[in-house]
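Have the viewer open while you read.

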Amino acid sequence: SQFGCRINSITELAFIFLLSRISYYISHKRKVALIFIDLSKAFDSINCNILLHKLYYDFGFCGIVFDWFKLYLPDRFQYLSINCP
């Protein structure tokens, strides 16, 4: 779920959603694991090949998760567009 860049969607809603999901799974005797990744500035000044190598060999990322990073990282750029009258 995405909460940060949507109209009428604030961080409090994200927190409430998260707590409700955790409560649901715990009450149904399920295991819960959370991973928080802030990708906002993560790739501005890093060599993507080095990052992919570290993810795979140092941290054990593989399969679908590693493939996602491999597809996500190349040719990324960021820009700001402001509509001024």
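What follows goes from the overall layout to the helices, then to the loop and the surface.

## Ground rules

This is a predicted model, with local features needing pLDDT of at least 70 and side-chain atom pairs counting only at pLDDT 80 or more, while totals for chains, interfaces and linings use all residues. Residues are numbered from 1 along each chain as its sequence is written, and side-chain values use heavy atoms, with hydrogens and water left out.

## Overall layout

Helices here are DSSP runs of H or I with at least four residues, strands are runs of E with at least two, and both are numbered from the N terminus.

Of the 85 residues in the protein, 12% are buried. Buried means under 20% relative accessible area, exposed means over 50%, and partly exposed is in between (1.4 Å probe, protein chains only). The protein exposes about 8,100 Å², with carbon and sulfur atoms supplying 60% of that; these areas come from the Shrake-Rupley method with a 1.4 Å probe, and for residues only the protein chains shown count as cover. As for contacts (heavy atoms within 4.5 Å), take those with a separation of 6 or more: residues 24 or more positions apart account for 25% of them.

## Helix α2, side by side

Which residues of α2 are buried? They are L51, L52 and L55. These three sit on the same side of α2, because they cover an arc of only 100° around the axis, the arc being that of the directions from the helix axis to the C-beta atoms. Part of the cover over the buried residues of α2 comes from α3 (63–72).

C48 and D75 are 27 residues apart in sequence, with 9.6 Å between their C-alpha atoms.

## The salt bridge

How many salt bridges does the structure hold? The count is 1, taking a salt bridge as a side-chain nitrogen of Lys or Arg within 4 Å of a carboxyl oxygen of Asp or Glu. The partners are K54 and D58, at 3.3 Å from N to O. They are 4 residues apart in helix α2 (residues 48–58), so about one helical turn separates them. K54 is partly exposed at 40% relative accessible area, and D58 is partly exposed at 47%.

Helix α1 (residues 11–27) has 17 residues and reaches 24 Å from its first C-alpha to its last, close to the 24 Å expected at 1.5 Å a residue. That expected span is 1.5 Å times one less than the number of residues.

Just after α1 comes K29, with a positive phi of about 60° although K29 is not a glycine. In general, most residues other than glycine have a negative phi. K29 lies in the loop between α1 and α2 and is exposed, with 77% relative accessible area.

## A nonpolar patch

I26, V32, L34 and F36 form a nonpolar patch on the surface, with about 420 Å² of accessible area together. Patches take residues with over 30% relative accessible area and no salt bridge, joining like charges within 9 Å and nonpolar side chains (Val, Leu, Ile, Met, Phe, Trp, Tyr) within 5 Å. L34 is in the loop between α1 and α2, partly exposed at 44%.
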